[in-house]
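Reader: Before we discuss how the elements pack, could you show me the sequence and the coordinates?

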2 protein chains.
Amino acid sequence: MNNPALHVLLAGRFDPAEREAWWRALTAAAPECIWQRDDAPFDREVIDAAVVANPAAGLLASLPNLRFVQSLWAGVDKLLADATLPVHLPIARMVDPAMNAAMAETALWAVLGLHRRFFDYAAQQRQVQWQQLPQRRADDVSVLVLGAGQMGGEVAARLAAQGYRVSTWRRRSAVSLLEVVTGQGIVVNLLPLTDGTRGALSAAVFAAMPRGAAIVNLARGAHVVDADLLAALDSGQLSRAVLDVFHQEPLRADHAFWRHPKITVLPHVAALTDEPSAAQVVAANLQALARGEPPQHLVDRSAGY
Amino acid sequence: MNNPALHVLLAGRFDPAEREAWWRALTAAAPECIWQRDDAPFDREVIDAAVVANPAAGLLASLPNLRFVQSLWAGVDKLLADATLPVHLPIARMVDPAMNAAMAETALWAVLGLHRRFFDYAAQQRQVQWQQLPQRRADDVSVLVLGAGQMGGEVAARLAAQGYRVSTWRRRSAVSLLEVVTGQGIVVNLLPLTDGTRGALSAAVFAAMPRGAAIVNLARGAHVVDADLLAALDSGQLSRAVLDVFHQEPLRADHAFWRHPKITVLPHVAALTDEPSAAQVVAANLQALARGEPPQHLVDRSAGY
């Protein structure tokens, strides 16, 4: 390319091994860039682009010539919560086929476990109890996927391929969440976290679902009103919750979710980023920037994702 | 039809609700037959066909005009073990799309749980431990499906659709099981139980697999040498076993499998028969018999399945 090399900063809070893995993957995927990292001295003036995971508040605003930010995470709610972030700075979310696949695997595992009672059989094993429970066909199970982006689309497609009755909902839909959860045996949450979706999974939604329904939250802990969820599980209105995300992470050891017999706790692993695959996505966006073309998957700041 | 109505006997060991469910489904699916049941008096002389699940030994031999047996189960090893069974009596296995789908769901759930470490995360939850484990891509996981019939084919196809590296093996293959398990991270057993497959999953096979591999047994308990499996798990050669079937069922309360941290016990629920769907399969075979055509999925008595 005849364009001058981009100066790119890798910035954020990583554990050391994770930072090295990203550094290796990114510098290998985009060797034409001049890479810097924020755990070492670097020249703020020259940075054109930043590749970030949970960067320190104010850091991006301190880079005078920054013209592009690539998130390594699919969710950008924490990034956008930095009030110092320049308003017109283009930000790309991570949209990675490998991450979408991982999310779909987790959703499929959770839905299969709910549909086929494997969570209940695990509880039976702990009690040394041999009991066959009724088996339903997949086409008798309705699953609602909240969030209809690339990730929601991949999840919905894989569930439908197994024969489930799948529908999707997005916040900018004509119908309300309260209307659409009626009759849904399983709700899988993949919504972006915005002011409009915070606390969306609350008592009213749980009450609108059929008795014995279940939820799978793979998006953000703040989508769920924890006390409402516990009440719905304890009353039997909901039969189970599979939760990968929490208001505070790691989930505090004294949180009621850990020991609740109807809650499955995962340590935010529904879709870990696959560094080599994600680095290819980053490289493609940096190459577009260098050519003066628009990067892919830019965040709509007014929508919040 | 101009053919005389078939006299059909429903026979076997059922719990009462199960027997009623079968009775309703079968008589509704094949109302042109004259149905009898072995928990009530019936005329042995008139029975043309028997629809059976674990029938009493000697019962079938006592029906002088019997000319067809339809198993309600996919596995016919127990049926064939009845030494009084007339040698030339045609026997059909149950091959039901709904049952194949249920088996594929269970296999997929188990493989996803092994691949994505969800069994390990369940153990972490019980210990109130928040720890993310490395995540692999599906195309980095090799799965060997033992048994290449309709069920094995359905399981292999669904696993391959998720991106796993899937291969299948059947006993009448040119290569031995010992050769083919090399390099397989997960082995899913769906073999029929015959003299040639009994005890096939033994120390030699476990030792030939890569260290940390896992097995999923959805076929028959007698395929596994229990002591060898426990030794392989305890040495770390195998990382986990998901077992739906056992030498003796229900699994005895004092059996080591129940409490082993690396064993998942399911109470023989990988694929419960779906009565309405299976009744359609039975009806189609009875109608073929009435027309003088061969029924589908006849057992090869020399092969044992």
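Author: This is a predicted model, in which local features need pLDDT of at least 70, side-chain atom pairs count only at pLDDT 80 or more, and totals for chains, interfaces and linings use all residues. Residues are numbered from 1 along each chain as its sequence is written, chains are lettered from A and ligands numbered from 1 in the order in which they are written, and side-chain values use heavy atoms, with hydrogens and water left out.

Reader: In which hand does α1(B) pass α10(B)?

Author: The crossing of α1(B) and α10(B) is right-handed.

Reader: How are α1(B) and α10(B) oriented to each other?

Author: The axes (lines fitted to C-alpha atoms, for helices over the stretch in contact, with angles from 0 to 180 degrees between N-to-C directions) of α1 (residues 16-29) and α10 (residues 275-290) of chain B come within 8 Å and cross at roughly 45°. Angles under 35 degrees count as roughly parallel, over 145 as roughly antiparallel, 65 to 115 as roughly perpendicular and the rest as oblique. The two helices, α1(B) and α10(B), are therefore oblique.

Reader: How many residues of strand β10 of chain A are buried?

Author: Strand β10(A) covers residues 238-243 and pairs in the parallel sense with β9(A), residues 213-217, over five bridges, where pairing requires that DSSP finds at least two bridges between the strands. Taking buried as under 20% relative accessible area (1.4 Å probe, protein chains only), β10(A) is mostly covered, and of its six residues the number buried is five.

Reader: Which residue follows α4(A) with a positive phi?

Author: Helix α4(A) spans residues 118-126, and its buried residues include Phe118(A) and Tyr121(A). With a positive phi near 50°, the residue that follows α4(A) is Val128(A).

Terms used:
Helix = DSSP H or I, 4+ residues; strand = E, 2+ residues; numbered from the N terminus. Left-handed = near helix turned anticlockwise from the far one by under 90°. Buried < 20%, exposed > 50% of the residue type's maximum accessible area, 1.4 Å probe, protein only.
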